[in-house]
Every structure is written in C-alpha cells, then in structure tokens.
Amino acid sequence: MKIFVGNVDGADTTPEELAALFAPYGTVMSCAVMKQFAFVHMRENAGAVRAIEALHGHELRPGRALVVEMSRPRPLNTWKIFVGNVSAACTSQELRSLFERRGRVIECDVVKGNWRS
C-alpha cells in the first residue's frame with residue numbers, strides 16, 4: 001500500500017529515517033523522499049492503516065506536523081515519465097520548465113535518493 005507523507009523536509013529527512021518511523025506498524029517495502037513530501041510503500045494494508053492513524057500529525061521535526069494519508073492515484077490521461085542520469089544540481093523547477101515546452105506538467109520531482117529494504 002502506498003502512503004503519502006506530506007510536510008517532510010527533504011533536505012533533512014532520509015528514506016532510512018522514514019522507514020524506521022513506519023517499521024513498527026508493518027513491513028516497509030520502500031521509501032522515496034522528495035523536497036517536501038515522501039512516499040512509503042508498506043506490504044500489509046492493515047499495517048499501513050495503523051501507521052496512517054498513528055503518524056498523521058506526528059512531528060518528525062519540531063514544528064513540522066506530518067500529513068500522512070493514503071496515496072491518491074494520478075489523474076486520468078496522465079503519464080509518469082522516468083528521466084535518468086539527471087545532474088544532482090538539477091532542480092524540479094528546471095526539469096518542469098524543460099518539459100512544459102512540450103505540454104502541461106501535473107507533477108515534477110527530482111528524487112535525490114531512493115531506499116529499498
């Protein structure tokens with residue numbers, strides 16, 4: 001089950017740290033941290049529901065209450081595109097600007113790291 005975690009400080013939060021936070025509720029399959037949000041994939045639905053109930057509003061950092069909820073699917077007629085070999089210096093806004101020359105961009109994230117258990 002895919003869980004959305006909002007209000008994350010991507011510069012100061014690691015996938016390993018999020019995995020450790022969610023692990024008491026069930027098996028964490030993977031975590032991906034973006035700039036201000038993250039996704040946590042958990043194996044069991046029941047564990048994911050327990051994690052959402054327990055961690056929504058939790059302050060991982062003082063003054064930053066997490067928003068933890070079920071991930072919603074992408075809008076219809078949209079495509080997710082993987083772009084590899086992106087410079088570490090590239091920002092999401094730079095990548096968005098490049099792709100917006102070809103059409104509307106719904107979401108754009110440069111993922112700096114990805115952790116898998």
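Mentor: A cavity is a set of points on a 1 Å grid over the protein atoms alone where a 1.4 Å probe fits but cannot get out, and its lining residues have an atom within 4 Å of a point. Points are joined across faces, edges and corners, and the volume is the space filled by probe spheres set on them. This is a predicted model: local features need pLDDT of at least 70, side-chain atom pairs need 80 or more, and totals for chains, interfaces and linings use all residues. Numbering runs from 1 along each chain as its sequence is written, and side-chain values use heavy atoms, without hydrogens and water.

There is one cavity of 30 Å³ or more. The largest cavity holds about 30 Å³ of space, and N7, V8, D9, T13, L60, R61, R64 and L66 line it. Three of these lining residues are nonpolar, two polar and three charged.

Now the rings. The structure has three aromatic pairs (ring centres within 6.5 Å). One of them joins F4 and F39 edge-to-face (planes over 60 degrees apart), with 5.9 Å between centres and 65 degrees between planes. F4 lies in strand 1 (residues 2–6) and F39 in strand 3 (residues 37–42), 35 residues apart, so the pair links distant parts of the chain; a strand is a DSSP run of E, at least two residues. F4, F37 and F39 form one aromatic cluster.

How values were computed: On a 1 Å grid over the protein atoms alone, a cavity is a set of points where a 1.4 Å probe fits but cannot get out, and a pocket is an open set with protein on both sides within 12 Å along at least five of seven lines; lining residues have an atom within 4 Å of a point. Ala, Val, Leu, Ile, Met, Phe, Trp, Tyr, Cys and Pro count as nonpolar, Asp, Glu, Lys and Arg as charged, and the others, Gly among them, as polar. Rings of Phe, Tyr and Trp (its six-membered ring) pair if their centres lie within 6.5 Å; planes under 30 degrees apart count as stacked, over 60 as edge-to-face and the rest as tilted. Helices (H or I, at least four residues) and strands (E, at least two) are DSSP runs, numbered from the N terminus.
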